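Dear colleague,

Please find the structure below, handed over for your records. My findings on the contact between its chains follow directly after it.

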Amino acid sequence: MKKMIAALHVTLDGFIEGPKGELDWVQNWNSDSELASEVDTCVLGGGMYPGYEQYWTSILADPAGVLEFTGRPPTQGEIDYASWADQTPHVVLSTTLTQPTWKTARVVRGVEDVRALKAGAGKAIFVVGGAGLVSTLINLDLIDELRLTVHPLVLGRGKPLFKDVTERHQLQLIAAEPKDSDLVVLNYRTQGGPAE
Amino acid sequence: MRKLFAFMVTTLDGYYEGQNQEFDWPNVDDAFLDFSVNQLREVGVLLFGRVTYEGMAAYWPSDDARKNAPEVADLMNSIPKLVFSTTLTEARWQNTTLVTDDVEATVSSLKDKPGGDLAVFGSSRLTVGLIGHGLVDELRVMVNPVLLGVGHSLLSGLAGCVRLELLRATTYRSGNVLLCYHPDQP
């Protein structure tokens, strides 16, 4: 059984996007570089996949270029993540997307395919997002660990990461680690996850 | 010039209460009570909005509170308090003054006076207003290890994004994490 780790960027008030989809508050999309060594597969929702593919493949194509999405060149951590992602299988859960162009990605149609993936052996699965997929997997008790990078800002309103979570979930804190740039990584085990 | 800090207890999904005002989820252990006592000892005046005031005024003078958390109850009852409201006609909790005047002017002039810290507990709407006026020096959020899915967001109604500087992060055995920030001035 593979462990599933949902690792996402949130504001202090728990939003993953501003009210108009703003993401400009994320200064570095790869603040959790330790994760790459623990996982061998990524899972994403169909809503976020096209933007994800566009972002990381444009870094691969031109590591020194200014990114359209952020208006700055990628950080070294982002360049490393892009080459890692280029070698790591990505499973995209979507009922509408056709086959993606990135060689490491494949589309699956149902959450049962994700459950089957988890039943396999090997390193952990990195659940990249978005909010809908994370909520679905939490509701099905398929997430073992949550790793939230809390960014130093409040938005007041926006898209809540856990908006579709349907019932109360008690968590166990593993660690809270301050990082550079006033970030804090909060790491929790869910009750669905394996006890240690 | 004294400091004003805002203290809120939230879930990991950023709610200070559930959709139906549920507040049965906060972890209250000895470490939390110790933290509360130490925090209150720094406070000169407690500031409340009406809703939080009503909840606290009903609880802290009660026998239950005196039994479960005697030291906290003593401090909560004895520290001078202000409640900002345009609908209340009186404030009966001991050492409480009802303020119907302008919040910004009242708090600004209080900050200029000597004494212990000013502290806002809970009171989401009051905190949003004070952050907007640049009057909050420190935002302290006690994040509890629980997800509710739906609830009332800690600072909803904020006019826009407010950037923060991390001051410290403290971990408790209960799984609570206290995150303290300095808000950038608007």
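Between chain B and chain A of this predicted model there is 1 salt bridge, a term that requires a side-chain nitrogen of Lys or Arg within 4 Å of a carboxyl oxygen of Asp or Glu. Arg168(A) forms this bridge with Asp24(B), and the closest N and O atoms are 2.9 Å apart.

The interface as a whole involves 36 residues from chain B and 32 residues from chain A, where contact means heavy atoms within 4.5 Å. About 2700 Å² is buried between the two chains, 65% of it on carbon and sulfur atoms; this is the accessible area (1.4 Å probe) lost when the two parts are put together, summed over both. On the side of chain B, Leu12(B), Pro145(B) and Leu147(B) lose the most area to chain A, together 22% of what that side buries.

Strand 8 (residues 153-154) of chain A runs antiparallel to strand 10 of chain B, and 2 bridges join them. Val154(A) has Val162(B) as its bridge partner. Strands are DSSP runs (E, at least two residues), numbered from the N terminus, and two of them pair if DSSP finds at least two bridges between them.

Residues are numbered from 1 along each chain as its sequence is written, with chains lettered from A and ligands numbered from 1 in the order in which they are written. Local features need pLDDT of at least 70 and side-chain atom pairs pLDDT 80 or more, while totals for chains, interfaces and linings use all residues, and side-chain values use heavy atoms, leaving out hydrogens and water.

With kind regards

Definitions and conventions: Helix = DSSP H or I, 4+ residues; strand = E, 2+ residues; numbered from the N terminus.
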